[in-house]
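Subject: A structure to look through

Dear colleague,

I am passing on a structure for you to look at, and below it you will find my notes on what turned up. Please keep the display open while you read, so that you can follow each point for yourself.

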Amino acid sequence: EVLVKIVSWVFPNFKFQWLVDETKRNIPLELDFRLEAENIEKVRRMFSHLSWLKIPKVYPELSTKRVLTMEFLEGGQVNDLDYIKTKNINPFEVSDKLGQLYSHMIFIEGFVHSDPHPGNILVRREPSGQTSLVLLDHGLYATLTNEVRWEYSKLWLSILNKDKELMRQHCDKLGVGDLYALFACMVSGRTWDAIESGLNKTKFTVKEKDMFQKEIPNLLPVISEILARVDRQMLLILKTNDLLRGIEHTLQTQSRMSSFLVMSQCCVRSVYGEQLKQCSSSLARWQTTFLQHWTLLKLSIYYFYLHVNSLVRGISVKRLS
């Protein structure tokens with residue numbers, strides 16, 4: 001904390017007190033294994049319908065505040081491409097399942113495993129042939145209020161729809177204010193040009209990556225300002241997003257179309273879930289439910305069209321070459 005204050009005094013534009021505050025708040029939580037055991041059981045119940053998600057069983061009779069005894073589960077690290085190839089595992093399937101899991105955590109449940117580095121996510125092939133993910137280290141979770149979860153869902157939909165005004169509105173409610181454009185880039189991991197062109201239509205390229213790396217040092221003071229402003233609940237989400245993008249980059253699956261479909265579907269369910277809670281009559285609930293299903297159907301048709309269009313263009317390029 002002293003070091004951060006010294007840095008802030010020497011470089012007034014760099015505001016990192018939020019980092020100290022979050023660290024002081026989170027470390028005690030991660031060191032109490034009783035809380036981790038509670039998180040494990042909560043997530044096991046929450047995602048019991050996902051047969052491919054494996055979460056170690058806790059042995060409470062052998063666990064205390066300082067000792068956590070769990071079931072041993074085997075697997076290779078999710079970014080171990082050699083292991084994935086050796087086990088004949090499809091990296092796109094791994095990435096899709098990871099995206100499905102975290103989209104549900106963030107947009108539907110509001111309870112997010114916030115340390116998804118490769119050592120905490122294992123992948124394995126079951127005797128049945130199914131690819132499973134093993135989720136480890138449940139000490140740190142972000143718990144989102146409904147309001148933040150709904151606003152974040154709406155923000156993502158506005159980003160995917162290229163709606164600048166709605167981006168500004170939702171970023172404002174998340175505490176970012178006039179820095180909404182940069183925050184949209186931070187959330188999506190894409191440049192503003194890519195957002196304006198449509199994330200679901202533009203693939204992440206080496207050129208875009210190089211542009212990011214070139215510009216980030218110049219934007220550090222503004223980024224630190226955003227991190228100081230934004231709702232505290234969003235900090236762990238931003239960290240989670242970065243870790244997941246790193247895994248996708250290693251798996252070389254970051255341009256897959258299905259990720260946007262799953263995320264869009266979860267955002268729609270989140271937004272309409274908010275509206276359903278505000279319905280005061282059976283008719284209103286029926287109308288809202290119908291609109292939700294209609295929107296989800298349109299999304300599926302749209303992404304199917306994009307997928308087919310992408311395949312057709314790929315075939316055309318191959319023929320021309």
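Among the contacts in the chain that join residues at least 6 apart in sequence, 70% are between residues at least 24 apart. Please bear in mind throughout that this is a predicted model. The chain has 321 residues, of which 43% are buried, and its secondary structure comes to 13 helices and six strands.

The buried residues in H8 are Tyr180, Leu182, Phe183, Ala184, Cys185, Met186, Val187 and Ser188. Cys185, for instance, has a relative accessibility of 9%, and it counts as buried because the cut-off is under 20%. The cover over these buried residues includes H6, together with helix H7 (164-173), helix H9 (192-197), helix H10 (206-229) and helix H11 (233-251).

The next point concerns how helices are placed against each other. In general, two packed helices are described by the angle between their axes and the distance between the axes. Sorted by class, the contact of H6 with H8 has seven nonpolar residues, one polar residue and no charged residues.

H6 also meets helix H5, and here the axes come within 8 Å and cross at roughly 120°, so H5 is oblique to H6. The residues that meet are Ile106, Phe107, Ile108 and Glu109 from H5, and Arg149, Tyr152, Ser153 and Trp156 from H6. By class, the contact of H5 with H6 has five nonpolar residues, one polar residue and two charged residues.

Lys97 lies in H5, which covers residues 91-109, and with a relative accessible area of 10% it is buried. What does the side chain of Lys97 pair with? It is joined to the side chain of Glu93 by a polar contact of 3.0 Å. Leaving aside residues up to four places away in sequence, Lys97 touches Trp52, Gln130, Thr131 and Leu133. The other one, Lys87, sits in the loop between helix H4 (81-86) and H5, and at 38% relative accessibility it counts as partly exposed. Although Lys87 and Val123 are 36 residues apart in sequence, their C-alpha atoms are 9.8 Å apart in space.

Asp137 belongs to the loop between strand S5 (131-135) and strand S6 (141-143), and its relative accessibility of 28% makes it partly exposed. Lys162, also not a glycine, has a positive phi of about 60°. Lys162 is placed in the loop between H6 and H7, where it is partly exposed, with a relative accessible area of 36%.

Finally, a word on the cysteines. How many disulfides does the structure hold? It holds zero. A disulfide is a covalent bond between the sulfur atoms of two cysteines. For the sulfur of Cys266, the closest cysteine sulfur is in Cys267, at 7.1 Å, and that is too far for a bond, because the pair would have to lie within 2.5 Å. Cys266 itself is buried, with a relative accessible area of 0%.

Note on methods:
Residues are numbered from 1 along each chain as its sequence is written. This is a predicted model: local features need pLDDT of at least 70, side-chain atom pairs count only at pLDDT 80 or more; totals for chains, interfaces and linings use all residues. Side-chain values use heavy atoms; hydrogens and water are left out. Buried means under 20% relative accessible area, exposed over 50%, partly exposed in between (1.4 Å probe, protein chains only). Ala, Val, Leu, Ile, Met, Phe, Trp, Tyr, Cys and Pro count as nonpolar, Asp, Glu, Lys and Arg as charged, and the others, Gly among them, as polar. Helices (H or I, at least four residues) and strands (E, at least two) are DSSP runs, numbered from the N terminus. A polar contact is a pair of N or O atoms within 3.5 Å; within protein, one must be able to donate a hydrogen and the other to accept it, and residues adjacent in sequence count only if both atoms are side-chain atoms. Contact means heavy atoms within 4.5 Å. Axes are lines fitted to C-alpha atoms, for helices over the stretch in contact, and angles run from 0 to 180 degrees between N-to-C directions. Angles under 35 degrees count as roughly parallel, over 145 as roughly antiparallel, 65 to 115 as roughly perpendicular and the rest as oblique.
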